[in-house]
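Visitor: Please take me through the aromatic rings in this entry and their surroundings. I would like the cut-offs stated as you go.

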Amino acid sequence: MQSDQSRTKCQVDPFDIARAHALQATLGHVPNLNTGDPMPPFFHQIYFWDPQPPAHLGRDGHAATGSFIPDLGLPRRMWAAGKLAFHRPLLAGIRAERTSTIEAVTRKQGRSGPLGFVTIRHDIKQRNALALTEWQELVYREDDAVGEAPPAPTDETHHETMHFDNTILFRYSALTFNGHRIHYDADYARDTEGYGGLVVHGPLLAHVLMGLAARNLGQLTHFSYRATAPLMQHEPATLCWKPGQAWVRGPDGRQCMIAQAS
């Protein structure tokens with residue numbers, strides 16, 4: 001297990017502004033970024049692709065484990081949580097460099113069965129200056145593991161409703177080059193992974209919560225989030241805010257994601 005830690009890889013991306021325009025349109029905004037403009041938070045998720053041929057993919061459409069991402073012997077892998085430290089805005093259309101490091105690999109025995117956790121740190125630089133540090137936590141679990149969904153808080157000072165249709169899920173998968181089949185293959189999502197339909201991307205929920213936080217706080221310095229229950233594509237999401245905290249509430253009152261912002 002120790003050999004998995006401290007693995008590092010570096011990537012360079014031109015931050016093509018056309019891709020940023022496509023994300024603005026996907027999120028319902030008029031594409032208006034110009035080269036050199038500060039990008040909204042989390043736009044970097046559509047860059048630094050790692051395309052792999054079909055032979056190098058797992059059954060779920062994700063890149064197979066074992067090269068950079070460790071193989072923990074558990075079949076299901078998902079993005080569970082993240083934390084970001086914003087040092088300076090990332091700029092549209094300006095070349096960026098990302099160094100990714102496996103910081104931690106751990107195993108736990110949860111109520112639903114064995115779990116594995118991998119923490120990846122990403123440091124992104126532009127013009128030789130560190131702009132963003134991001135920690136990404138992956139969770140691995142058994143096929144039949146089912147977690148309990150906690151109830152969401154109801155003490156928000158502001159909330160708004162958002163609907164995610166098939167087109168948004170398709171576009172976000174394409175823009176992030178995320179091949180995970182739970183976001184576009186309803187039969188696979190239901191029959192193999194046991195979901196009630198297509199699943200809204202955890203990073204997409206984090207993305208819209210970051211936008212909500214930025215509208216309330218202005219320029220963000222820190223943002224952390226944890227996915228606590230899946231949101232299905234056919235379910236309306238209530239995006240909730242109170243000072244310093246944001247969350248996604250499902251239509252049955254369950255908490256799908258919780259976040260802190262400053």
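Guide: Phe42 counts as buried, at 1% relative accessibility (buried means under 20% relative accessible area, exposed over 50%, partly exposed in between, with a 1.4 Å probe and protein chains only). This is a predicted model, in which local features need pLDDT of at least 70 and side-chain atom pairs count only at pLDDT 80 or more, while totals for chains, interfaces and linings use all residues. Residues are numbered from 1 along each chain as its sequence is written, and side-chain values use heavy atoms, with hydrogens and water left out.

Through ring pairs, Phe42 joins Trp79, Phe223 and Tyr225 in a cluster. Rings of Phe, Tyr and Trp (its six-membered ring) pair if their centres lie within 6.5 Å; planes under 30 degrees apart count as stacked, over 60 as edge-to-face and the rest as tilted.

The structure holds six aromatic pairs. One of them is formed by Phe15 and Phe48, edge-to-face, with 5.6 Å from centre to centre and 70 degrees between the planes. This pair links distant parts of the chain, 33 residues apart: Phe15 is in the loop between strand E1 (8-13) and helix H1 (17-26), and Phe48 in the loop between H1 and strand E2 (76-86). Helices (H or I, at least four residues) and strands (E, at least two) are DSSP runs, numbered from the N terminus. Phe15 is buried, at a relative accessible area of 0%, and Phe48 is also buried, at 5%. For Phe42 and Trp79, the ring centres are 6.5 Å apart and the planes at 50 degrees, so the pair is tilted. Here too distant parts of the chain are linked, 37 residues apart, with Phe42 in the loop between H1 and E2 and Trp79 in strand E2.

Two lysines lie over aromatic rings. The charged end of Lys83 sits over the ring of Trp135, 4.6 Å from its centre, and Lys108 lies over the face of Phe117, 5.2 Å from the ring centre. The criterion is NZ of Lys or CZ of Arg within 6 Å of the ring centre and within 35 degrees of the ring normal.

Lys83 is also among the residues that Phe223 touches; others are Gly82, Leu84, Phe86, Ala206, Leu209, Met210, Ala213, Ala259, Gln260 and Ala261, not counting residues up to four places away in sequence. Contact means heavy atoms within 4.5 Å.

Gln260, touched by Phe223, is the bridge partner of Gln245 in E10. Strand E10 (residues 255-261) pairs with E9 in the antiparallel sense over five bridges, where pairing requires at least two bridges found by DSSP. Four of the five residues of strand E9 (residues 245-249) are buried. Within E9, Trp247 stands opposite Cys240.
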